[in-house]
Amino acid sequence: MNNIRIAPSVISADFGNLKEDLRRLEEAGADLLHVDIMDGHFVPNITFGPDIVKRIKSLTSLPLDVHLMISHPRKYVVKFVEAGASNITFHIESEDTPSTAISEIASFDCRVGLSVKPATPLSAVRDHLSQIDRLLIMTVEPGFGGQTFMANMMPKVEQAVEWRAEGKYDYDIEVDGGLDPYTIVPAVQAGAEVIVAGTSVFKNPDLKESIQALRDASAYALYQKAHPEVYETKEEPRVERI
Ligand code: DX5
Ligand code: ZN
């Protein structure tokens, strides 16, 4: 077993059958439930608010990894804490002062996450790294499921690993958008530990199989990184033909 955690994204579930989908996710071995909150302002799409999150919480024992894609996270911290979030992640690009939002979330029994959009350099979050529990590096433009993974975000993941070691920080590194059994390979090799996946988990009706496919691919990726010699192609010694 490695330390990779799979966080299926609830926006890809069937909301007409949510109770059943959440039960199937638990049974399939999901580690967390990723919950995307969009306000139609910070991102062009709208999902749902704290009341629905509270309902979701009543239907599952999975920890809720709440990802706020909203302009004013501070306004809703208490609501999402009350709704049962185990983690509240907000964006550095939001309109609130990050350090204030961080201390507000941390003042409750709730883990703090900070996220960066693809166009934002990682240096934007550097001053806050000692105060957070999770760093979410977006691998698509936030707003919609089903987009293409941006492999060019991997240097940010590597940088986050380096800064964590240098500063002896505690955050885990999460990636979100376009993750599947192929794209998870560069993501975990760069150092991502929490993998959000919507489309790729739910497109197979057998959720156990899709989560297992992500686990298998991550195990392969970590093995390949730890044992490069196994994958090196050596030149064959030339055999002279008689
Ligand atoms: C995008 C959301 C993601 C999304 C991922 O704005 O933050 O969590 O659900 O979905 P897939 O895995 O379909 O890219
Ligand atoms: Zn998300």
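Student: How many bridges join strand β4 to strand β5?
Tutor: In this predicted model, strand β4 covers residues 85-91 and strand β5 covers residues 111-116. The two run parallel. Ile88 stands opposite Val112 in β5. The number of bridges joining β4 to β5 is five.

Student: Which are the edge strands of the sheet?
Tutor: The open sheet has eight strands with parallel pairing, in the order β1-β8-β7-β6-β5-β4-β3-β2. An edge strand here pairs on one side only. The edge strands are β1 (5-8) and β2.

Student: Which helix lies across β5, β6 and β7?
Tutor: The strands β6 and β7 span 134-138 and 172-176. The helix in question covers residues 154-167 and runs at about 170 degrees to β7. This is helix α5.

Student: What is the arrangement of the donor atoms around the zinc ion (ligand 2)?
Tutor: The zinc ion (ligand 2) is coordinated by His34 (NE2), Asp36 (OD), His67 (ND1) and Asp176 (OD), at 2.0 to 2.3 Å. Six donor atoms subtend angles of 66 to 170 degrees. Six count as octahedral if opposite donors are over 155 degrees apart and all others between 65 and 115. The arrangement is therefore octahedral.

Student: How many residues apart in sequence are the parts that Asp36 and His67 tie together?
Tutor: Asp36 lies in strand β2 (residues 33-38), and His67 lies in strand β3 (residues 64-69). The pair therefore ties together parts whose separation in sequence is 31 residues.

Student: Is His67 buried or exposed?
Tutor: Buried means under 20% relative accessible area. His67 has a relative accessible area of 0%. His67 is therefore buried.

Definitions and conventions: Residues numbered from 1 in each chain as written. Chains lettered and ligands numbered in written order. Predicted model: local features only at pLDDT ≥ 70, side-chain atom pairs only at ≥ 80, totals over all residues. Heavy atoms only, no water. Donors = N, O, S within 2.8 Å, 3.2 Å for Na, K, Ca; no water. Tetrahedral: all angles 85-135°; square planar, octahedral: opposite > 155°, others 65-115°. Helix = DSSP H or I, 4+ residues; strand = E, 2+ residues; numbered from the N terminus. Buried < 20%, exposed > 50% of the residue type's maximum accessible area, 1.4 Å probe, protein only. Pairing = 2+ DSSP bridges. Contact = heavy atoms within 4.5 Å. Axes fitted to C-alpha atoms, helices over the stretch in contact; angles between N-to-C directions.
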